[in-house]
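Me: I am new to this structure and would like to go through its charged pairs. Could you show it to me?
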Amino acid sequence: MNLNDKIFAVLYDRVNESVESRLVQFRQKTAGLAAGHVLEIGPGTGANLSFYKSKSKLTVLEKNEFMFPKLTDVATKIGINVNLVKGDSFCIPFSDNSFDSIVTTLVLCMVGDLQATIAEIKRVLKYGGTFYFYEHVKSHNVIRNRFENYINPCWKYLTNGCNLNRDLERVLSNFRFTELHVERHDLSVGLLIKIPNIVGYAIL
């Protein structure tokens with residue numbers, strides 16, 4: 001049993017309560033646009049579930065088994081059928097060209113291998129399919145980025161694997177999707193410092 005995973009699952013919703021109202025627009029631009037056979041990677045406790053189209057066939061891939069009871073409970077309450085699978089994003093347990101849409105929200109900061117995860121997303125996404133993402137990313141401000149790099153080891157330990165300094169936009173650009181659309185936002189969480197975020201989609 002991974003004690004950190006269990007603690008993270010218990011505290012997840014409490015931590016997110018203060019910012020969840022600010023995330024609705026981003027969930028609408030990701031989960032809300034996904035269609036067909038959909039894979040969500042790292043659904044946590046199911047914050048995106050109510051945004052999916054009723055006709056979508058939904059599969060969720062979650063490595064933290066302590067999230068499963070909450071995920072199941074949320075799915076039951078909103079009346080959505082979900083295929084819940086345990087696994088890692090850098091070794092997705094599905095065949096090539098399996099999904100019409102893939103969704104991640106605030107999870108790519110935590111995956112063990114970002115490069116391998118994007119490669120796996122491309123592998124299981126159907127040709128012409130869409131990868132929707134909303135993630136916090138490294139700052140483009142030089143001074144702040146240095147600060148992020150400095151505190152990242154401690155931050156990563158305290159948050160069960162979250163990285164402050166990942167340049168997701170650059171990584172996605174290197175994978176050469178047919179189309180890549182990115183919007184940049186600074187998210188206020190009630191502090192003086194705003195968190196840089198990107199939301200968008202990549203078409204295979």
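Me: Is Asp167 buried, exposed or partly exposed?
Reply: Asp167 is partly exposed, at a relative accessible area of 22%; buried means under 20%, exposed over 50% and partly exposed in between, with a 1.4 Å probe and protein chains only. This is a predicted model, where local features need pLDDT of at least 70, side-chain atom pairs count only at pLDDT 80 or more, and totals for chains, interfaces and linings use all residues. Residues are numbered from 1 along each chain as its sequence is written, and side-chain values use heavy atoms, leaving out hydrogens and water.

Me: Which residue forms a salt bridge with Asp167?
Reply: Arg170 does, with 3.7 Å between the closest N and O atoms. A salt bridge is a side-chain nitrogen of Lys or Arg within 4 Å of a carboxyl oxygen of Asp or Glu. Arg170 is partly exposed, at 44% relative accessibility.

Me: What does Glu169 pair with?
Reply: Glu169 forms a salt bridge with Arg184, whose closest N and O atoms are 2.6 Å apart. This pair links distant parts of the chain, 15 residues apart: Glu169 lies in helix α6 (residues 168–174) and Arg184 in strand β6 (residues 179–187). Helices (H or I, at least four residues) and strands (E, at least two) are DSSP runs numbered from the N terminus. Arg184 counts as exposed, at 52% relative accessibility.

Me: On to the totals: how many salt bridges are there?
Reply: The structure holds eight. One of them joins the side chains of Asp100 and Lys126, at 3.4 Å from N to O.
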